[in-house]
Every structure is written in C-alpha cells, then in structure tokens.
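Thanks for coming. I will take a few minutes to walk through one structure, so please bring it up on your screens.

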Amino acid sequence: MLIEVKVPQLAEGTPEGTLAAWHVKPGQAVKRDQNLCDIETDKVVLETPAQSDGVFVEIKVQSGATVTSGVVLGVIDTEAKAGAAAPAPAPAPVGAAPAAITSAAPAAAGALPAAKKMMAEQGIDPASVQGTGRGDRITKGDVIAAVESKAAPAPAPSAAKSAPTAVSAPLVNVPLGNRPEQRVPMTRLRARVAERLVQSQSTAAILTTFNEVNMKPVIDLRNTYKDKFEKVHGVKLGFMSFFVKAAVHALKMYPVVNASVDGNDIVYHGYYDIGIAVGSPRGLVVPILRDCDQMSIADIEKQIADFGKRAGEGKLGIEELTGGTFTISNGGVFGSMLSTPIINPPQSAILGVHATKDRAVVVDGQIVVRPMNYLAMSYDHRIIDGREAVLALVAMKDALEDPARLLLDL
C-alpha cells in the first residue's frame, strides 16, 4: 500500500513554508512517527512524521522548495522491503538543479537547518561532521567544532566557485581577489522578522522612555536563596522572573500599556501574556508566557528555561509564538548598555533590559557604588501618553528596588 507524505496543516497566517531538509532517502525503512523531513516556516521548524511503518520509496519535492499545506512530499510503501530500488525519477524540468547538487541533499539531511547553513558557508562536508544531537543529527555546535579543528587552508576562489552548495541553503560565491563576497538568502524567520520590524516602525508612533534601577536588592535576594531555590524547584533562580513580575505589577497599574490598537479601537486586555525575546540558531523568536499574573517566580523560571532549550533545538510550537500583550527583550545578556527596542505589533509597548554594571551613584548625598541597570521602554504614542509610559516604567523600577512588594503583591 502506498501512503503519501504530505505537508502538515500550517498555522493561520502562515500560507507557505520551505522544505528545509530530508532525513531519509529512497529505499530506507522508516517507522511510524519517525521524522522524515523538516518544514521551515516564518515562525518554527515543523517535523513531518511517517504515518506508518514501511519503506520510503520516492521524494517528490526536493530540499529548498516552497510548499503549502497538503502538498505531497514523498511516498511510503508499507509492503516494500528496505533497500528496494526506488522508482525511476521523472525527467528533470528545464532549469532544474544539476544531479550532483540534488544527490548531495541526503548527505546533509541529518543536520539541523542552522547547522546546514553554517556548513554551506564554511565549505564543510556534512559527511565529515559527527552529529551529537538527537538521533545523531548535526547541530550548530558540531559544525563549530569541525571548523575549529579544520587544519586545511581555505580553498582558492576558483575552487570555491566550482564547489557544489547545499540545496537547502544555496549560496553564491563571488571571487573578488582578496575581497570575496558571499550571497546567502534570508531564512523565512529572518525575512518575517524584517517584515514585522519595518511594519512596526512605519505604522506606530514609537517613543522610548528611560530610567535606571538599582539591582542590589534583587541581587541580594537572589544570592541569599538561589541555592535553596534550585534545590527545591529544580531550576536556577535568574533575574528575568523579577523583570516579568515587575512588568505585570506596572501593567496592572496602567492598563493602556498592556493594550493594543485595532483600527480605530483600543483593545484593553484583561490578561498578561508576556513575550520573552530569545535568540536561537534560526534568529530571534518571542515565545509567550501566558497569564503571568498567575505564575510564581519558580513557574516563570521553569518556563523560560524550557523556552530557551527548545528554541535552540527549533522545537517551539507555533501556538507558543503567537499572541502576547507585552514583550521583554534582554540585550544585557550580550553586554548591551542601552538600546531603543522596537515594539512587537500589535502590542503597544516593549521593555528593554540591559547589562547590570557597578556605577557611582548618589544615595542620601553620598557617592556610592551600586549595580545599576538602564531600563528602556518603547511605546506607541498613538494610545499611550508620556505620563502613563513614564509612570509605568517608574512602577517597574520601584518594584525591582523593593522586590518584597512583588512577593506581597503591594
């Protein structure tokens, strides 16, 4: 019996995706629920599981192709034996990729999309990289290790020009003597992020207000309880949970900062779904913490740790990346001192957190050293007046400088 492998139903607002990589080749035995290929959308990478045990006998869509929901990608024969010859391929259409490139796709099929992209950029043969990911898949870390251990000199420009590139990450190498260039197409996620940022800048009246916060009370509280916290809850006590709680505290006081614009209407949200900007091998993603006002510090830390882990693996679901009423972006983990974050539409405000550094400040007329953090809140001036924006940021500052208020809901 022949079973068609089809593109899963894509989320609303995601009309198409890219077939990022095949993980099987014709003639290979497969098990039910085994991942056959990855579909990259502008939000997540979707796995395409086998619907039944059998032998994968035919690839109908090659890596790198644009696909939509329901498109037939390949065929499984439930009665065939492994190693059986695959059906003869259909004649290649005019303009199709050379056979040498097409046959190279399965060699890189066991690599995550970010790893494949890096291997193509660095000229690394996938067969020479040992995968350490789930199912021996090649991760970005594996490629970095391979690059660091690569002793051979870089190929001459002429050799680079003639070398085949991976189908899923086509590159154009332009030899310019000692000034080479490389053209790499944007991933769907990068293109979508670019589109939304331009949309935000062109449709909202964005203004940013700044303040500074003395992080010593939070740091002291964390240092006192971090070991016991990790022992009891099984997760490290970080700082982001305090920023989340401080944001919820301020949003309750100034609901318009938690609102959004819909045409000529202002939509006030009676819930607090906060997006946490997370860097991943594919680019920036913003998973959502739902109902933050009902979450404990431990719940928030566990959820953030889970988001970070699965973002690195490309395992976040579409439903976890949609919605949200407010966003927190922590550039401080990369050393940023100050920034003006861009609003994530249709939200109306975003908090930028930066690096905490010891600075000289005046306290009660005396110059003292305190661990200070500059906070920046960008807001949509169409619905949020300067008064509400400034007072909301001050409310966050006050809560962080007296964290007991967060625990006592004061």
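**Helix 9 and the rest of the model**

Let me start with helix 9, where the buried residues are Glu388, Ala389, Ala392, Leu393, Ala395, Met396, Lys397, Ala399 and Leu400. Before going on, note that this is a predicted model. Helix 9 runs from residue 386 to residue 401, which is 16 residues. From the first C-alpha to the last, helix 9 spans 22 Å, close to the 22 Å expected at 1.5 Å a residue. On the pattern of buried positions, there is one general point to keep in mind. An α-helix has 3.6 residues a turn, so residues three or four places apart point the same way. In the buried set of helix 9 you will find Ala389, Leu393 and Met396, among others.

Now the overall picture. The protein has ten helices and 21 strands. There are 410 residues, and 42% of them count as buried. Taking contacts with a separation of 6 or more, 64% are between residues 24 or more positions apart. The accessible surface is about 21300 Å², and carbon and sulfur atoms hold 55% of that.

Next, the aromatic rings. How many aromatic pairs does a search of the whole structure find? The search gives one. The pair is Trp22 with Phe56: the ring centres are 5.1 Å apart and the planes meet at 45°, so the pair counts as tilted. Trp22 belongs to strand 2 and Phe56 to strand 6, residues 54-59, so the pair ties together parts 34 residues apart in sequence.

Thr18 has a relative accessibility of 16%, and because the cut-off for buried is under 20%, Thr18 counts as buried. What does Thr18 touch, leaving aside neighbours within four places in sequence? The contacts are Asp38, Ile39, Glu40, Gly64, Ala65 and Arg188.

Moving to the surface, Phe210, Met337 and Leu338 form a nonpolar patch. Together these three residues have about 300 Å² of accessible area. Met337 sits in the loop between strand 18, residues 326-330, and strand 19, residues 349-353.

That loop between strand 18 and strand 19 also holds Pro346. Pro345 and Pro346 are joined by a cis peptide bond, with omega at about 10°.

Asp291 is not a glycine, yet has a positive phi of about 50°. Asp291 is placed between strand 17, residues 288-289, and helix 8, residues 297-313. With 31% relative accessible area, Asp291 is partly exposed.

The other is Asp364, again a residue other than glycine, with a positive phi near 55°. The loop here runs between strand 20, residues 357-363, and strand 21, residues 366-380. Is Asp364 buried or exposed? At 76% relative accessibility, Asp364 counts as exposed.

Definitions and conventions
Residues numbered from 1 in each chain as written. Predicted model: local features only at pLDDT ≥ 70, side-chain atom pairs only at ≥ 80, totals over all residues. Heavy atoms only, no water. Patch = residues over 30% accessible without salt bridge, like charges linked within 9 Å, V, L, I, M, F, W, Y side chains within 5 Å. Areas by Shrake-Rupley, 256 points an atom, 1.4 Å probe, with all protein chains shown as cover. Salt bridge = Lys/Arg side-chain N within 4 Å of Asp/Glu carboxyl O. Helix = DSSP H or I, 4+ residues; strand = E, 2+ residues; numbered from the N terminus. Buried < 20%, exposed > 50% of the residue type's maximum accessible area, 1.4 Å probe, protein only. Contact = heavy atoms within 4.5 Å. Expected span 1.5 Å × (residues − 1). Phe/Tyr/Trp six-rings, centres within 6.5 Å; stacked < 30°, edge-to-face > 60°.
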